[in-house]
Amino acid sequence: MEDNNLVEIKNLKKYYEISRGLFKSKLIVKAVDDISFSIRTGETFALVGESGCGKSTTGKTLLRLTDATAGEVKYKGENILSLPYDKVRSLRSELQMVFQDPYASLNPKMTIKQILMEPLRVHNKFTPEERMQKIVDILEIVGLSKAHLNRYPSEFSGGQRQRIGIARAVILNPDFIVADEPVSALDVSVQSQVINLLLRLQKEFGLTYLFISHDLSVVEHMTDRVAVMYLGKIVETAATEELFADPKHPYTQALISAVPVSHPSEERERIVLTGDVPNPANPPSGCSFHTRCPFAMDICKTIEPKLKQVGNDHIASCHLYTEHKEEKEDAIIHS
Amino acid sequence: MTDVLLEIKNLGIEFKTGEGTVQPIRGVDFFLKKGETLGVVGESGSGKSVTSLTVLGLLPEKTSKIVSGSIHFEDEEITHYSDRQYRKLRGNDISMIFQEPMTSLNPVFTIGEQLSEPLKRHKKMSKKQREKAIVDVLKQVGIPRAEQIIDEYPHQLSGGMRQRVMISLALLCEPKLLICDEPTTALDVTIQAQILKLMKQVKQDKDMSMLFITHDLGVVAEMCDRVVVMYAGEIVEVAEINELFDNPLHPYTKGLLASLPTNNDRKSKLYSIKGQVPRPNEIGEGCAFANRCPFAFDKCYAKTPPAFSEGDHLSKCWLQQPEGR
Amino acid sequence: MNATEVMDDQINKKTSKVKNFFRKLSRSWTGMLGFGIIVLLLFLSIFGEWIAPYDPMDAPLSKGLLPPMTDGHILGTDQLGRDILSRIIVGARVSVIIGVATAVLAGLIGTIVGVIAGYFRGWVDVVLMRIVDVTLSFPFILLVLVINAIIGTGLTNIIISLAVAGWVIFARVIRSEVLALREKEFITAAIATGVSKFEILVRHILPNIFTPIIILASLQIGTYIIAEASVSFLGFGVQPPEPAWGNMLNEGKDYIFSSWWLITFPGIAIIITALGVNFFGDWLRDTLDPDLKGE
């Protein structure tokens with residue numbers, strides 16, 4: 001199993017400091033707070049959660065687009081976070097990213113040709129003629145044509161722009177792509193086209209995806225394993241089918257039950273959470289979900305639950321599945 | 001026709017843009033019965049928001065005009081209303097909830113000040129009565145500490161709370177019609193579930209009618225009694241909610257439903273509608289959906305189809321023409 | 001589509017861009033007016049010597065202080081008998097040269113400083129922006145005069161002193177543009193592609209600040225023309241007998257009560273020019289950057 005991991009994330013932390021003026025202490029926001037997971041070669045691993053849970057920050061941090069506070073990200077056995085920056089830059093041909101907003105992620109002053117040429121030029125791949133051929137090929141693969149080469153992004157619709165963004169990410173034949181909400185800014189009728197494209201490219205190029213999304217129906221459709229994040233922490237990880245069939249953590253249960261029905265006659269037993277997501281700068285003590293949890297117990301307010309095996313390849317952090325006494329003693333010893 | 005609250009007939013709007021004029025909606029026809037929740041579903045550029053803004057007389061005067069049709073609210077034609085008449089209508093008989101709760105609240109006024117605005121304008125009340133009415137309505141929408149919240153500013157509240165404030169603002173004068181323009185799109189799923197539940201409950205308590213505009217078919221399935229499907233500025237289908245999901249007639253509706261991940265096998269290729277949503281200036285003769293339609297034939301490109309009805313189920317598609325092709 | 005077709009496509013695009021420019025211009029009368037004034041100004045500054053009815057330096061003292069419309073002098077003559085119309089026409093060149101050259105010089109310095117401060121942040125940013133703050137705290141004209149007094153008068157020196165006092169506006173605006181651009185997702189995308197910092201600056205940042213630079217420069221030109229006139233009026237700047245609108249005002253001020261035309265017509269020329277340049281700059285801003293449009 002271990003050898004099968006393409007990317008391994010260990011104890012990754014990303015804290016932001018917010019200064020509140022000269023004489024006040026700095027506020028620390030734990031956007032990503034000590035998370036670990038691994039992504040296997042060829043799979044699609046999903047990070048799900050609501051806005052502000054740290055899923056996008058995780059994606060950016062593990063590609064070193066922002067600096068991590070602590071932890072390591074091992075890619076093919078090498079820790080990306082401790083490599084010198086020049087090494088990381090050349091490694092980027094293997095690690096790519098697809099962004100959420102197809103309007104913001106393409107330079108408005110560059111033509112499609114220039115946008116797609118850039119990765120090839122930067123990593124010095126192929127001769128000039130081969131580059132042109134490569135660009136034309138990739139455009140056809142993502143469903144555009146050479147007629148578009150000299151156009152600017154503003155001449156395209158959102159879906160077409162996202163195809164360009166995807167073409168830019170796959171043109172270097174990467175092994176690993178972080179897709180940060182790649183379809184959530186698109187029209188419904190175009191979303192399915194882009195999902196199909198991502199699925200097809202994965203097969204064709206043998207890609208591994210980290211798929212960041214808040215849309216559970218898309219996650220259920222196209223991913224292999226899922227990690228659920230809440231306030232900077234992973235609260236549950238499982239194989240996709242298992243997670244949707246048998247969610248263990250109360251937050252995951254609520255999240256899945258909150259998805260709108262797919263047919264008006266469908267009756268769904270819904271766990272409607274009370275209250276809002278707490279401020280990440282001032283998270284609750286103990287289990288960070290206890291303020292909204294319908295099953296909260298006394299222990300949840302004081303002691304943070306650890307991730308525990310709750311099934312085959314299925315872990316969750318919730319006191320419902322731990323022996324409370326042991327945990328308590330454990331905590332006392334450690335404190 | 002006394003049970004019809006809002007009726008829009010053959011509505012056409014023209015926008016002046018830098019490049020010339022475009023018609024964001026053409027020949028829009030539908031009605032809303034008292035006590036019903038009517039969903040208006042469409043993608044960006046379908047004209048669903050333009051339609052709702054027209055009902056409230058909120059289109060920019062300089063750059064847009066109504067080129068055809070009428071809007072009847074309680075049997076009164078309102079498209080010719082003066083500003084003054086519209087002001088009386090807005091907030092009092094018809095209220096609206098917008099997508100982005102942060103930008104629709106004024107950041108420099110407290111929640112209490114914003115909420116007292118419609119009461120000052122439409123109802124004669126003392127200051128005490130007003131405050132009581134505001135606290136009541138805030139409690140109705142599930143806002144804790146209502147007495148303190150009225151002295152707080154919008155930025156002190158979370159997204160979900162702000163949307164609750166917007167809903168309470170819309171409810172203050174007990175309107176007959178509540179227009180909701182993507183009210184949960186900017187919210188997280190767990191918060192969306194809260195807000196949808198609240199809106200259902202409020203609608204029942206107040207016996208209101210609702211015009212619910214969204215792009216999310218799941219939300220429609222949860223909230224609506226009937227649905228109007230819009231595409232590229234036209235209505236393509238109108239049906240009762242179960243009928244629409246069980247027996248969609250228009251190829252666009254069929255395609256939308258078929259492309260939902262939940263209606264496809266896991267990991268399989270999703271059904272998808274080919275092509276892109278047309279821009280307003282790209283729409284010409286014929287059916288606007290023809291270039292993306294898998295069933296399109298010659299007639300579709302030549303002539304815009306009229307509405308064919310099968311009982312209460314309308315669809316604008318030549319395939320529905322009774323005598324066939 | 002083969003190579004030549006692609007070329008044709010590009011050529012068509014170019015011509016349609018020019019067409020597009022005029023079509024958009026024709027929709028705004030202020031933009032048209034501004035553009036017209038600028039074209040006239042450029043025309044005068046190039047061909048002024050051939051158009052002017054008289055030699056602007058020719059001073060037949062006997063014909064001094066003729067009022068307008070006498071002896072073929074449409075706008076009259078000054079105290080030395082020089083034709084005012086001819087001096088205004090030829091003087092346009094000084095205004096155009098000073099406006100354009102200063103905008104280019106100040107824009108260049110300001111852009112370099114603004115980009116460095118905005119892109120590299122840190123102590124460089126702090127130091128550069130404090131310099132900008134200090135410079136901005138002096139009244140513009142005063143600063144120009146001080147620099148002019150130090151380095152001396154004349155066309156080149158007035159351009160230098162205007163640019164030294166004027167680059168700070170560019171630095172401020174460009175810095176904030178760069179700061180906003182840095183956070184754009186396409187910059188993150190470029191980093192994720194592996195593009196180096198220098199290339200990001202050249203290929204992604206610079207092309208995107210070109211529009212604000214052009215808009216700002218066009219609006220600043222009017223300011224520089226007025227500033228030159230003020231400085232020349234105070235006796236610095238362009239020295240007589242070289243015709244410039246500012247020193248015409250200076251020379252005419254002694255006759256303000258007896259011969260009004262000496263200062264009125266150069267004054268009107270300055271007003272029209274500044275107005276025209278600003279009209280055009282405003283239109284340019286509204287067209288190129290609708291986000292900035294003030295309501």
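**A walk through a predicted model**

Let's start with chain C, whose secondary structure comes to ten helices and zero strands; helices (H or I, at least four residues) and strands (E, at least two) are DSSP runs, numbered from the N terminus. Read from the N terminus on, the elements go α-α-α-α-α-α-α-α-α-α. This is a predicted model, where local features need pLDDT of at least 70 and side-chain atom pairs count only at pLDDT 80 or more, while totals for chains, interfaces and linings use all residues. Residues are numbered from 1 along each chain as its sequence is written, chains are lettered from A and ligands numbered from 1 in the order in which they are written, and side-chain values use heavy atoms, with hydrogens and water left out.

Staying with chain C, its C-alpha trace spans about 75 × 50 × 35 Å along the principal axes. Of its 295 residues, 46% are buried, where buried means under 20% relative accessible area, exposed means over 50%, and partly exposed is in between (1.4 Å probe, protein chains only). Take the contacts (heavy atoms within 4.5 Å) in chain C between residues at least 6 apart in sequence: 68% of them join residues at least 24 apart.

One residue to look up in chain C is C:Arg121, in the loop between helix 3 (84–120) and helix 4 (122–137). Its phi is positive, about 50°, although it is not a glycine. Most residues other than glycine have a negative phi. At 36% relative accessibility, C:Arg121 counts as partly exposed.

Now for chains A and B. Here 45 residues of chain A are in contact with 43 residues of chain B. The area buried between them is about 3600 Å², with carbon and sulfur atoms giving 51% of that; buried area is the accessible area (1.4 Å probe) that two parts lose on being put together, summed over both. Residue pairs in polar contact between the two chains number 23, both residues being at pLDDT 80 or more. A polar contact is a pair of N or O atoms within 3.5 Å; within protein, one must be able to donate a hydrogen and the other to accept it, and residues adjacent in sequence count only if both atoms are side-chain atoms.

Which parts of chain A touch chain B? Helix 5 (158–170), helix 6 (188–205), helix 7 (216–222), helix 8 (240–245) and helix 9 (250–258) each supply at least two residues to that side. Helix 6 gives the most, with nine residues.

The interface also has three salt bridges, each a side-chain nitrogen of Lys or Arg within 4 Å of a carboxyl oxygen of Asp or Glu. In one of them, the side chains of A:Asp224 and B:Lys267 meet at 3.2 Å, N to O. B:Lys267 sits in the loop between helix 10 (251–259) and helix 11 (298–302) of chain B, and its phi is positive too, near 70°. With a relative accessible area of 29%, B:Lys267 is partly exposed.

Last come the cysteines. A disulfide is a covalent bond between the sulfur atoms of two cysteines; here, a pair of cysteine sulfur atoms within 2.5 Å counts. Over all chains there are zero disulfides. For A:Cys318, the nearest cysteine sulfur, that of A:Cys293, is 6.0 Å away, and A:Cys318 is buried at 9% relative accessible area.
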